[in-house]
Amino acid sequence: MNVLIKQALLIQPRWLAAPILVSSVVLGYTISAPLSWFVLMLVLLALGVMAWGHTMNTYLDYEWTKLDRGLESERSHPKPYT
């Protein structure tokens, strides 16, 4: 499990996209309305959509294109949330 955490945080830092996503959602919301607690729900939904996209990418790489069905050294690095 520690190996997966190290790979997720060091080799494929997908969490770096989260601040960009959050700032764009907050900026887009503040353009149309004043800040409220509703923006928190929008941020959580946007992070969920991003995680769903990464999960579907992993699934399709394994099932549809069969790129990740080779030896473990030939596969892409796993993400612990997929």
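Reply:

**A nonpolar surface patch**

Trp37, Leu40 and Leu44 form a nonpolar patch on the surface, and together they have about 410 Å² of accessible area. Such a patch joins nonpolar side chains (Val, Leu, Ile, Met, Phe, Trp, Tyr) within 5 Å, or like charges within 9 Å, from residues with over 30% relative accessible area and no salt bridge. A salt bridge is a side-chain nitrogen of Lys or Arg within 4 Å of a carboxyl oxygen of Asp or Glu. Areas come from the Shrake-Rupley method with a 1.4 Å probe; for residues, only the protein chains shown count as cover.

The model is predicted: local features need pLDDT of at least 70, side-chain atom pairs count only at pLDDT 80 or more, and totals for chains, interfaces and linings use all residues. Residues are numbered from 1 along each chain as its sequence is written, and side-chain values use heavy atoms, with hydrogens and water left out.

Leu44 lies in helix H3, residues 38-63. Helices (H or I, at least four residues) and strands (E, at least two) are DSSP runs, numbered from the N terminus. Leu44 counts as exposed because its relative accessibility is 54%; buried means under 20%, exposed over 50%, and partly exposed in between (1.4 Å probe, protein chains only).

As for the chain, it has three helices and zero strands, in the pattern α-α-α along the sequence. Of its 82 residues, 13% are buried. The chain exposes about 6400 Å², with 72% of that supplied by carbon and sulfur atoms.
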